Amino acid sequence: MSKHSRKLQKLHETGGKEETAILVSVVRQYQTEQQTEEYLDELAFLTETLGAKTVHRFTQKMEKPDIKTFVGSGKLEEIQAYIKHFDVDMVIFDDDLSPSQMRNLENELKVTIYDRSLLILDIFLKRAQTAQAKTQVELARFQYLLPRLTNLWTHLERQRGGTTTRGGSGEKEIETDKRDIRNRITLLKEKLREIEKQGETQRKGRKGIVRVAVVGYTNVGKSTLMNLITKTNILAENKLFATVDSTVRKMVLENIPFLLSDTVGFIRKLPTHLIAAFKSTLDEIREADLLVHVVDISHPHFEDHIAVVTETLNEIKAGDKPILLVFNKIDLVETMPSVEESMKMTELELEEADFHDFDALAEAYGKKTGIPPVFMAAASGQNVEGFRQALITEVKKQHRKIYPHYLEDETFTIDE
């Protein structure tokens, strides 16, 4: 095996000094300043999740990105000057770059270049735990990188340990590396076919039992909710894509057995080709009988997040499933005051307050989904019982579809 093949097989390692990053966004005409800041905040959070520190943000208003360098020549010079002065390690773009744009930018800036897709893929690679998830993400990453190799080929060099390697290997070595990647892609595809065969066998064994999948935007508290209900210890932390692998747990509530699975969080501008990178977790969604859509109600743009999840569900042909909407983190928001309470507040206090009308939200989203939404705080345990009752009510509906003659007072056990 060549040194390049061994290099390609190594997974992402952390270590060394913390890398610094510049964020770059092209602002479209329809985009507000508030939206731009929100998008860059999310990109900074992704950058932090990868393990780098954001030191500056560059934005440029353009009708469409420059075909050669994404940003205009003047903005590119600004970025160049900043990199040189502050010795920045990487530049991260909030959109996908074409292979030629990535090559041109690396040649001009002489640092690691990330676009949104590659950033998410590297986070997936870092967080994947199961053999299937690792194989899927590694395959997607190599397929994405193949047409984007340059003299710097820094994204492959990164895997040697630490994230600060720069420098090139020359055009001849790039061709060797491309052959290595193509061979690796072939092997990964074969490995994935074998793993998926095993997965199909496992899923066949789940027939005859209700399947529930927890979905939602990334970092809304899905894993915390799973831990609370299943009394297990799934990784839950304040980082984007803390969960990449699907986690399935067998549950019994009021004598009804069902399977509850956690899934990877969705995110704005998730490119279509990335969906294949977490096919296993999406299979859990597509094959579920009921979806529990968790929403972070404390986020200022939670309604946009609902729209992103709804759109993604439609894209993977799972938008017609019954959905129990769960508004999480209610302990972090202010509820509508009573008439008596509002009378005691000043006009300025009323104007500046960000009240959430739970009744109005319940009515609006209850009409959309046909199921009354639940308001709770998984981290503090607030209204856990309300969620549990709503969940079992919907699970019973699905259970009766499978077993229409099931008796409510019938008792039985299942094997652990």
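**Close-up views of a predicted model**

Figure 1. K329 is placed in the loop that runs between β9 and β10. In this predicted model, K329 has a positive phi of about 65°, although K329 is not a glycine. N219 belongs to the loop between β5 (210-216) and α9 (222-230). The phi of N219 is also positive, at about 70°, and N219 is not a glycine either.

**Figure 2. The protein chain as a whole, for orientation.** The protein chain contains 16 helices and twelve strands. Of its 416 residues, 53% are buried. Among contacts with a separation of 6 or more, 72% are between residues 24 or more positions apart.

Figure 3. Y82 has a relative accessible area of 16% and is buried, whereas F86, at 48% relative accessibility, is partly exposed.

**Figure 4. The aromatic pair F327 and Y365.** The rings of F327 and Y365 have centres 5.7 Å apart and planes at 65°, so they form an edge-to-face pair. The pair links distant parts of the chain, with F327 in strand β9 (residues 323-328) and Y365 in helix α15 (residues 358-369), 38 residues apart. F327 and Y365 are both buried. They belong to one aromatic cluster, which is formed by F302, F327, F358, Y365 and F375.

Figure 5. F358, L361, Y365 and G366 are the buried residues of α15. These residues lie on the same side of α15, because they cover an arc of only 120° around the axis. D359 and K367, on the other side of α15, are exposed. The elements that cover the buried residues of α15 include α12 (302-315), β9, β10 (334-335), β11 (355-356) and β12 (374-375).

**Figure 6. The two ends of helix α15.** At the start of α15, the backbone nitrogen of D359 has a side-chain oxygen of D357 within 3.2 Å. Just after α15 comes G370, with a positive phi of about 80°.

**Figure 7. Arginine side chains over tyrosine rings.** The charged end of R148 is placed over the ring of Y144, 3.8 Å from the ring centre. R268 lies over the face of Y39, also at 3.8 Å from the ring centre.

**Figure 8. L291 in strand β8.** L291 is part of strand β8 (residues 290-296). With a relative accessible area of 0%, L291 is buried. Apart from its neighbours within four places in sequence, L291 is in contact with A213, V215, I285, L313, A318, K321, P322, I323 and L324. L291 and S261 are 30 residues apart in sequence, with a C-alpha to C-alpha distance of 9.7 Å.

**Figure 9. H305 in helix α12.** H305 is located in helix α12. The relative accessibility of H305 is 9%, so this residue counts as buried. Neighbours within four places in sequence left aside, H305 is in contact with E38, Y217 and H299.

**Figure 10. Helix α16.** Helix α16 (residues 384-402) has 19 residues. From first to last C-alpha, α16 reaches 27 Å, close to the 27 Å expected at 1.5 Å a residue. The buried residues of α16 are V384, F387, R388, A390, L391, I392, E394, V395, K396, Q398 and H399.

Methods
Residues numbered from 1 in each chain as written. Heavy atoms only, no water. Buried < 20%, exposed > 50% of the residue type's maximum accessible area, 1.4 Å probe, protein only. Phe/Tyr/Trp six-rings, centres within 6.5 Å; stacked < 30°, edge-to-face > 60°. Helix = DSSP H or I, 4+ residues; strand = E, 2+ residues; numbered from the N terminus. Lys NZ or Arg CZ within 6 Å of the ring centre and 35° of its normal. Arc of directions from axis to C-beta. Contact = heavy atoms within 4.5 Å. Polar contact = N/O pair within 3.5 Å; in protein donor to acceptor, adjacent residues only side chain to side chain. Expected span 1.5 Å × (residues − 1).
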